[in-house]
Amino acid sequence: MVRQGRSAPGHRHERDGLIDPLDEIIRIEGGQVLATLIRLTGDIDRAEDALHDAIVVAADAWRRDGVPDRPGAWLTTVARNKELDRIRREARRAPKEVEAFRLLTEGSGSDVIDERDDRLRLLFTCCHPALSPESQVALALRTICGFTTVDIARVFLVPEPTIGQRISRAKAKITKARIPYRVPDAHELPDRLRPVLATVYAVFTAGHHAPVGELGGRVDFADEAIRLARLLVELMPDEAECVGLLALMLATNARRRARTDAAGEMVLLADQDRSLWDGAAIAEAAALVDSVLRRGRPGAYQMQAAIACLHGAAPTYADTDWPQIAELYLLLEHRWPTPVVRVNRAVAVAEVAGPQSGLALLDDLVGSPTERWHLYWSARADFQRRLGEIDAAADSYRQALGCPCNDSDRRFLERRLASLGREHL
Amino acid sequence: MPRYAALIYGAEPSGESDPELWGKIMAEYMHFGEVGGAAGVIGGGEALHPTTMATTVHVTGGAKGGDVIATDGPFAETKEVLGGFYLLDCKDLDEALSWAAQIPGAWYGRVEVRPVIDMSEMG
């Protein structure tokens, strides 16, 4: 059997750059089917091979006869039989295959599907702390979401072999170090849930920052992350931070269409056309935040979601509830004192108490590694501009341009720097 | 049962050590030995003399038969050195990590957990 070059479970037949709906069904259902197959076979590679074989059969059969009522169960049954055939053909069976044979022949049809737990098992395995955060993200996108390494590489702006290597190393470690395929016990959940949420948020951030249209609308990691978060909330309704993460992503994503102009250039929150915001998504996020904050277990995602909802509720930039946002950032900073939180708090404080106050909050970061972050300089520059310190502002924008940042941010900083000159004259 | 090596890294013990602290550490290791032994998890282990007692051997030329070069000291000069190890028999990594977290070296330093290669599975 050839392992190299086989297509991913979610391999697409591209027609006119559009997603084939059948392939999309297969990609989305594939994650669940794979989760079940990994439990039954005890091996990610074997499970992927079996799923791939089943997808080949499904693509023909479904195009001819239509998609069955329960495509996931259909795929599972076919994949299970394919794997059984394969084990039967093998002359020498290792104990693992003997066990797999037992599990595969036990029960039939829908009996073998343990949907909720299989999905959680796969998620917790992909996001096991023994794997690097980069590997966790890549593995989750590949196995749970069914994306190809090519798609993942494009969104993360890294070469495809790098993604392939991260995935294969992660799989090798799962096998060799025997990372278990299980849902953690309740007492382990707080520690184990953290990397899961971080992975989902990393998927979202990658999708959110990907230039619109970059991938021809084929791959939307932001939507995929929201789908995963909905799944987490459905599977673990008691975990407040799962709800917080979902709300945060919904409220942030709601502003996505307004974040860039027709030319694809970044538009600041203050200048966004708020009629382009997705009101339904903002309302859903706000309802989630309201309900989850009442549980009295605030966490970083819930607080950020609350902030995003306050922005979403504001009819104009000037009408934003800045005092409340500044207060929330202060709470956030008490528990998670990161430079990103500090810079965001400074922006909110500047709206409440003036740019001088904002600048004072940034002064604590002078000489810190944050000086390598372009948005720190960009915030400084904006405060200085508002204070009429044009030369200092221009210096800050130049500092920002000296930091690593993407092309869209670079063009934005250059435009700001240029407009500064005009204001000055 | 899969086997894991729990490699215990920490600061090299200095010349004049506090006997009270040593007594405490020894008691903690004794406790781990008792609990781990009773659970049948500990498949072996040793404590090592300090790296001042170490000699590193290298055969030159990248092939058998080269010159044997022995040098005083550990393979790598680092602040945190390998001080000892346990062999842990656990069903999976999660179990191994939970036992490793009970080794006193995990709070005095770090414990690296590595799966041991099962030679019977090597084709």
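Where is B:Trp107 found? I looked it up: B:Trp107 sits in helix 3 (residues 105–108) of chain B. Helices here are DSSP runs of H or I with at least four residues, strands are runs of E with at least two, and both are numbered from the N terminus.

**Entry 1: ground rules**

I am working with a predicted model, where local features need pLDDT of at least 70, side-chain atom pairs count only at pLDDT 80 or more, and totals for chains, interfaces and linings use all residues. Residues are numbered from 1 along each chain as its sequence is written, chains are lettered from A and ligands numbered from 1 in the order in which they are written, and side-chain values use heavy atoms, with hydrogens and water left out.

I went back to B:Trp107. Its relative accessible area is 47%, so I noted B:Trp107 as partly exposed. The classes are buried (under 20% relative accessible area), exposed (over 50%) and partly exposed in between, with a 1.4 Å probe and protein chains only. Accessible areas come from the Shrake-Rupley method with a 1.4 Å probe, and for residues only the protein chains shown count as cover.

**Entry 2: chain A overall**

I counted elements next. Chain A has 19 helices and zero strands. Of its 425 residues, 50% count as buried. Its accessible surface is about 19,800 Å², and 53% of that belongs to carbon and sulfur atoms. I also checked contacts (heavy atoms within 4.5 Å). Among those in chain A with a separation of 6 or more, 65% are between residues 24 or more positions apart.

I took helix 5 (residues 115–126) first. Its 12 residues reach 17 Å from first C-alpha to last, close to the expected 16 Å. The expected span is 1.5 Å times one less than the number of residues. Buried residues of helix 5 include A:Asp118, A:Arg121 and A:Phe124.

How many of the 11 residues of helix 6 are buried? Nine are, so helix 6 (residues 133–143) is largely enclosed by the rest of the structure. Among them are A:Ser135, A:Gln136 and A:Arg142.

A:Leu420 lies in helix 19 (residues 407–424) of chain A. At 2% relative accessibility, A:Leu420 is buried. Beyond its neighbours within four places in sequence, A:Leu420 is in contact with A:Arg385, A:Ile390, A:Ala393, A:Ala394 and A:Tyr397.

Most residues other than glycine have a negative phi. A:Arg178 has a positive phi of about 55° and is not a glycine. I found A:Arg178 in the loop between helix 8 (160–176) and helix 9 (189–209) of chain A. At 34% relative accessibility, A:Arg178 is partly exposed.

**Entry 3: salt bridges**

Side chains of opposite charge can pair when their charged atoms come close. The rule asks for a side-chain nitrogen of Lys or Arg within 4 Å of a carboxyl oxygen of Asp or Glu. Over all chains, the count is 36.

I checked A:Arg46 and A:Glu83, whose closest N and O atoms are 2.6 Å apart. A:Arg46 is in helix 2 (residues 44–65) and A:Glu83 in helix 3 (residues 71–89) of chain A, so the pair ties together parts that are 37 residues apart in sequence. Both residues are buried.

Next came A:Arg342 and A:Asp364, with 2.9 Å between the closest N and O atoms. A:Arg342 is in helix 15 of chain A, while A:Asp364 is in the loop between helix 16 (355–363) and helix 17 (374–386). Buried or exposed, for A:Asp364? A:Asp364 is exposed at 57%, whereas A:Arg342 is buried at 13%.

**Entry 4: where the chains meet**

Chain B and chain A bury about 710 Å² between them, with 55% of it on carbon and sulfur atoms. Buried area is the accessible area (1.4 Å probe) that two parts lose on being put together, summed over both. On chain B, the residues that lose the most area to chain A are B:Leu93, B:Asp94 and B:Pro115, together 57% of what that side buries. Each chain gives nine residues to the contact. I found two salt bridges across the interface. B:Asp94 and A:Arg182 meet in a salt bridge at 2.8 Å, N to O.
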